[in-house]
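Here is a short tour for anyone who likes to know the cut-offs behind each number. Have a look at the structure first, and then read on.

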Amino acid sequence: MSLFSILNLSLFQATVRMSMPVLFAALGGMFCERVGIVNIGLEGIMLNSAFFAVFATYLSGNPWIGLLLGVLSGVGWGLVIAFLTVKYYGNQIVVGTGVNVFGLGFSAFMCQRIWGSRGASESVVGLPLLRIPALERVLGENTVFVYLAFLLIFLSHLFLFSTHWGLRIRAVGESPQSADAAGINVHGYKIVFVVVGSAITSLGGVFLSLAHLNFFAWGMTSGRGFMGLAAMIFGKWTPLGCFLASLLFGFTDALQMRLQALGILPAQIILLFPYVVTILVLSGLVGKAIPPSDYKPYEKR
Amino acid sequence: MPPLLEVRGLTKSFPGVLANDHIDLEIEEGEIHGLLGENGAGKSVLMSTIYSLYRPDEGRIFLRGREVHMVSPASAIRCGVGMVHQHLTVVPHLRVWENIVLGEEPRRGVFLARREAFRRIEALCRETGLQLDLHAWTGELPIGLQQRVEILKMLYRGASLLIFDEPTTVLTPQEVDQLIAYLLRLKEGGKTIIFISHKLREVFALCDRVTVLRRGRKVGTIVIADASEEKLAEMMVGRKVFSPKRGEEKPKETVVLAVEHVSTLPERGKALHGLNFVVHNGEIVGVAGVEGNGQTELAEVLVGLRKVRQGKISLRGEDITFASPKERIKKGLAHIPEDRHRRGTVLDFTVTENLLLGFEDEPPIRRGRWTIDLPLLRRFALSRVGEFEIATPGVDVPVRILSGGNQQKVVLARELSRPVSLLVACQPTRGLDVAATEYVHRKLLDLRKEGKGVILISADLDEIRALSDRVLVLYEGRIIGELAPQSDEYQFGLLMGGKSLVAQG
Ligand SMILES: Nc1ncnc2c1ncn2[C@@H]1O[C@H](COP(=O)(O)OP(=O)(O)OP(=O)(O)O)[C@@H](O)[C@H]1O
Ligand SMILES: [Mg+2]
């Protein structure tokens with residue numbers, strides 16, 4: 001077995017694929033934090049959207065409707081989080097934790113009711129491949145998500161740093177008093193972009209259940225929402241940074257699968273890889289990470 | 001012609017506080033109108049309400065005779081009202097130009113028109129003579145320049161009524177003079193200005209008319225020509241104000257603080273080089289100098305917030321060079337920090353908690369081993385609030401909601417209500433009204449009379465000269481000379497400019 005049997009083009013392709021859920025979570029979390037809301041609930045949002053995507057596909061037989069409902073569930077959670085934390089000054093960590101716990105329990109409960117098993121749903125039709133031969137040579141065969149992700153990174157970057165909305169978002173997150181005094185609708189911006197962020201995050205969940213596995217399994221996000229948070233911090237709250245950091249997580253995930261297939265290390269140890277990297281990243285490899293906000297609720301008088 | 005701004009019966013209350021009680025105000029086009037009043041009189045609230053940051057409970061606002069209903073700062077800006085707030089409202093991690101255009105960004109399609117923004121701001125800079133590096137990170141600029149960003153922000157929005165809430169409190173005397181000159185220039189250019197300050201000198205230099213508030217009510221408006229310092233002070237406080245005089249007692253021979261050859265590294269600030277001085281019991285030693293020449297660093301070294309690289313500091317004969325801040329507090333060192341928000345208070349803690357900071361673990365407040373004597377603490381807090389005349393709706397509200405001057409009083413009350421042997425006072429009267437300033441000065445002189453030592457670091461040379469027994473002048477981290485307080489201003493000027501009187505090696 002040579003090193004090249006591990007490090008080759010298909011590993012790269014797997015890296016890109018496995019970085020998708022983390023990337024969507026990181027980008028979504030980034031939008032929330034940029035307007036001053038820590039969204040701990042990314043994991044729960046993803047899990048729910050994964051469930052709803054499968055559920056809607058199961059009922060309709062059309063994965064596109066699944067995608068739509070999955071994203072709508074993200075929008076719904078975004079609204080809940082936004083109103084609790086922005087309008088009613090709720091504690092962001094408590095609200096986010098609530099979303100996570102609810103997401104885990106709710107999807108299991110529904111799974112049981114619908115498919116008679118808490119563990120997994122029946123298989124459904126996944127999203128079809130999007131054929132772009134020129135890109136396939138490098139990226140492999142992919143669904144719409146990979147291309148969508150690249151587009152999102154590019155657009156988010158432009159949006160955040162080259163439009164007046166982006167400027168205002170950055171101001172609202174960092175110093176709501178100042179933004180308010182400059183005549184900006186602070187609460188409006190916060191609510192809208194928590195919802196946008198949650199919707200983007202839900203794409204990660206839909207990817208897992210309609211492009212990766214084609215069924216719903218209990219706890220199938222397995223911490224990728226939290227890895228998204230880590231990637232966002234590692235990426236210093238910028239779209240490009242989120243992308244690169246997510247690739248790192250995708251790589252450990254892909255490597256983990258590859259090594260498992262080769263059977264050279266005990267599976268339990270290999271499975272730890274992504275999580276170990278998360279801890280390493282968060283505990284200092286990042287250097288000093290200064291968040292763009294102090295995350296306090298902004299009360300207007 | 002109707003006045004530019006007319007306010008009628010404006011009332012604004014917060015839970016437990018009537019901050020503005022039926023205020024009437026008229027501002028004529030083209031005047032500079034002073035707004036005076038004690039700490040907590042309601043000046044900032046009145047201005048923030050006019051700027052629509054706060055919603056009034058009652059009252060009407062007219063601009064050029066037409067009633068306006070402004071619901072947010074955005075509408076105030078549209079009506080041509082601009083405001084520089086007491087605590088600046090720039091976003092630190094945005095660039096200067098981004099802060100200026102924020103909220104009124106020029107656009108090309110969906111994108112920010114950066115070039116257009118620069119063109120407009122540069123034109124504005126040329127017009128007003130306010131120069132700035134537009135690419136700099138705003139948070140890295142000194143306060144004086146950040147304030148300049150705020151001024152440009154207002155002018156960029158085309159404001160014709162400019163509100164300045166205590167703009168001079170954070171500035172060095174040199175910057176104050178510059179600002180005053182700018183304001184006069186703006187007035188010539190046809191702008192109308194409302195100017196808030198506690199310094200009567202500035203008010204006399206600038207204003208055409210003055211309105212005085214007291215405890216949320218309007219006392220009156222007078223033309224500056226009819227006013228005198230005494231009269232204004234009396235209107236504000238409701239009684240005559242005297243500046244206390246230093247008594248004749250001689251300082252004792254005993255040394256309370258000895259600083260020997262102390263040097264530091266230039267981390268996060270200026271390096272100090274070979275400082276050498278003593279403070280005797282019963283003595284106030286003033287530290288003068290142009291701001292940024294090591295005053296902050298000197299205070300930090302004395303209270304234990306900055307590492308000493310070389311040299312020795314001793315308090316009452318005990319070596320404290322490497323003692324922690326807490327140990328120094330225990331040994332009787334008190335500190336009034338210059339930045340009350342960063343070092344003086346915990347803004348989200350209550351008044352009581354802030355009064356307790358630093359001696360929560362000492363009897364009599366600590367009862368037994370583990371608990372705090374809450375009834376005693378409450379009585380203590382109430383007595384502090386009473387003695388220092390802190391205007392607050394109660395002792396259980398967060399310090400954040402107090403007016404700027406009252407936050408400062410909380411710090412003072414805490415530091416001056418424990419047994420001290422040496423007080424390091426940095427800008428102790430910054431942002432305080434005349435009565436409170438008088439009170440602090442009296443407190444410092446009382447300490448002196450009781451035979452304690454005081455180091456007074458202040459940007460206000462008049463204050464230093466009025467209170468100190470001796471004055472050290474700092475320049476570039478060195479003590480460049482020592483003067484008697486009665487030396488003439490010319491000598492002070494020379495030393496502060498770095499020209500030593502006796503050639504030094
Ligand atoms: N957000 C708030 N919530 C509750 N009370 C407030 C709030 N803002 C101000 N107050 C209260 O209103 C009163 C007036 O405060 P204001 O800030 O207008 O005083 P000021 O005249 O500007 O004083 P200073 O010279 O110290 O700045 C004070 O008693 C203050 O405690
Ligand atoms: Mg004020």
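Is Thr371(B) buried, exposed or partly exposed? Thr371(B) is partly exposed, with a relative accessible area of 38%; buried means under 20%, exposed over 50%, and partly exposed in between (1.4 Å probe, protein chains only).

A word on conventions: this is a predicted model, where local features need pLDDT of at least 70, side-chain atom pairs count only at pLDDT 80 or more, and totals for chains, interfaces and linings use all residues. Residues are numbered from 1 along each chain as its sequence is written, chains are lettered from A and ligands numbered from 1 in the order in which they are written, and side-chain values use heavy atoms, with hydrogens and water left out.

**Around Thr371(B)**

Thr371(B) belongs to strand β20 (residues 371-372) of chain B. Helices (H or I, at least four residues) and strands (E, at least two) are DSSP runs, numbered from the N terminus. Setting aside neighbours within four places in sequence, Thr371(B) is in contact with Ile365(B) and Arg366(B), contact meaning heavy atoms within 4.5 Å.

**A sheet in chain B**

In chain B, four strands make an open sheet in the order β14-β13-β16-β17, with antiparallel pairing; two strands pair if DSSP finds at least two bridges between them. At the edges are β14 (275-280) and β17 (318-319) of chain B, each pairing on one side only. Five bridges link β13 (residues 255-263) and β16 (residues 310-315) of chain B in the antiparallel sense, and Ser263(B) stands opposite Gln310(B) in β16(B).

The size of an interface is often given as the accessible area lost when the parts come together. Buried area here is that loss (1.4 Å probe), summed over both parts. A salt bridge is a side-chain nitrogen of Lys or Arg within 4 Å of a carboxyl oxygen of Asp or Glu.

| Interface of chain A and chain B | Value |
|---|---|
| Residues in contact | 21 residues of chain A, 30 residues of chain B |
| Buried area | about 2200 Å², 61% from carbon and sulfur atoms |
| Salt bridges | two salt bridges |

One salt bridge joins Glu98(B) to Arg170(A), with the closest N and O atoms 3.2 Å apart. On the side of chain A that touches chain B, α6 (144-162), α7 (164-174) and α8 (176-181) of chain A each supply at least two residues. The most comes from α7(A), with seven residues.

Definitions and conventions:
Buried area = accessible area lost by both parts, 1.4 Å probe.
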